[in-house]
Amino acid sequence: MNEEQKDFLDTAKRNVDRLSRLINDVLDLQKLESGKMSFDMQENDINFLIEDVRNTMEPVCTRKGLTLSAERAEKLPAVTLDRDRMIQVLTNLVNNAVKFTERGGITIGVEYKDGENAYRVFVKDTGPGIKQDDMPRLFQRFQQLETSGSRKTGGTGLGLAISKQIVEAHGGKIWVESELGKGSCFIFLLPVMEQRSRPRV
């Protein structure tokens, strides 16, 4: 197989993978919006979830020359959540940060807000930041921001919309804080006591 044929196969594989991600994302979003997605709600230590995502995503960051660190909180109360879906949210946020960050690093962290009886989970980066005009549409479906070079970063444009739906299904809320030239920080609050178990069907 010559180089041209290898390039063709690599391109075909990337397109197939992208189409597969798009189909899965659309199906997830439809289930979430229709209330038909079930959640396996179990007690979890959110520090373990953050470490799991860090270990999974660290090679992706390393290949781009970025660091990926985790800031964990001590003596956190257990929280009831769907482990797989919350890992999906964190992975979406880290993937998003990797796309826009060219140098520096990304941090995943958690704090317990005693006054709100909730976790404050965040993913912050050293990327270019987000324009204020772009923020209202960040969590809308099929929205893709452009880099400073007016180039779209790829992806399905559904990751943040899905993350928002999952967080809200857990009784939480998600938002972004950003300033041009100073990076972005995606944050979600996850209530501790208000969770209700729902078996997976």
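Axes, in these legends, are lines fitted to C-alpha atoms, for helices over the stretch in contact, with angles taken between N-to-C directions. The model shown in every view is predicted.

**Figure 1. Overall arrangement of the predicted protein.** The secondary structure comprises 4 helices and 7 strands. Along the sequence these elements follow the pattern α-β-α-β-β-α-β-β-α-β-β. Of the 201 residues in the protein, 45% are buried.

**Figure 2. Packing of helix 2 against helix 3.** Two packed helices are described by the angle between their axes and the distance between the axes. The axes of helix 2 (residues 46–63) and helix 3 (residues 83–100) come within 10 Å and cross at roughly 35°. The crossing of helix 2 past helix 3 is right-handed. Helix 2 contributes L49, I50, D52, V53, M57, V60 and C61 to the contact, while helix 3 contributes R83, M86, I87, L90, T91, V94, N95 and V98. Sorted by class, this contact consists of 11 nonpolar, 2 polar and 2 charged residues.

Figure 3. T91 lies in helix 3. When residues up to four places away in sequence are not counted, T91 touches V53 and M57. The C-alpha atoms of T91 and V53 are separated by 6.4 Å, although the two residues are 38 residues apart along the chain. Both V53 and M57 belong to the helix 2 side of the contact with helix 3.

Figure 4. R54 is found in helix 2. Its relative accessible area is 17%, and R54 is therefore buried, the cut-off being under 20%. With residues up to four places away in sequence not counted, R54 touches L68, S69, A70 and I108.

**Figure 5. Antiparallel strand pairs.** Strands of a sheet pair through backbone hydrogen bonds, either parallel or antiparallel. Strand 6 and strand 7 pair in the antiparallel sense over 6 bridges, and I174 stands opposite F188 in strand 7. Strand 1 (residues 41–44) and strand 3 are also paired in the antiparallel sense, over 4 bridges.

**Figure 6. The largest nonpolar core.** This core holds 45 residues, of which Y119 and F188 touch the most other members. Two or more residues are given to the core by each of helix 2, strand 3, helix 3, strand 4 (105–113), strand 5, helix 4 (159–169), strand 6 (173–178) and strand 7 (184–191). Helix 3 supplies the largest share, 8 residues. Leaving aside neighbours within four places in sequence, Y119 is in contact with I46, L76, P77, A78, V79, V110, E111, Y112, F188, L189, L190 and V192.

Figure 7. V121 is found in strand 5 (residues 118–125). V121 counts as buried because its relative accessibility is 0%. Apart from its neighbours within four places in sequence, V121 is in contact with I46, L90, G109, V110, F186, I187 and F188. The C-alpha atoms of V121 and E111 are separated by 6.5 Å, the two residues being 10 residues apart along the chain.

**Figure 8. Helix 4 and the residue G171 after it.** The buried residues of helix 4 are L160, A161, I162, S163, I166 and V167. G171 follows helix 4 and has a positive phi, near 85°.

Notes:
Residues are numbered from 1 along each chain as its sequence is written. This is a predicted model: local features need pLDDT of at least 70, side-chain atom pairs count only at pLDDT 80 or more; totals for chains, interfaces and linings use all residues. Side-chain values use heavy atoms; hydrogens and water are left out. Axes are lines fitted to C-alpha atoms, for helices over the stretch in contact, and angles run from 0 to 180 degrees between N-to-C directions. A crossing is left-handed if the near helix is turned anticlockwise from the far one by less than a right angle, and right-handed if clockwise. Contact means heavy atoms within 4.5 Å. Ala, Val, Leu, Ile, Met, Phe, Trp, Tyr, Cys and Pro count as nonpolar, Asp, Glu, Lys and Arg as charged, and the others, Gly among them, as polar. Buried means under 20% relative accessible area, exposed over 50%, partly exposed in between (1.4 Å probe, protein chains only). Two strands pair if DSSP finds at least two bridges between them. A nonpolar core is a set of buried Ala, Val, Leu, Ile, Met, Phe, Trp, Tyr and Cys residues joined through side-chain atoms within 4.5 Å.
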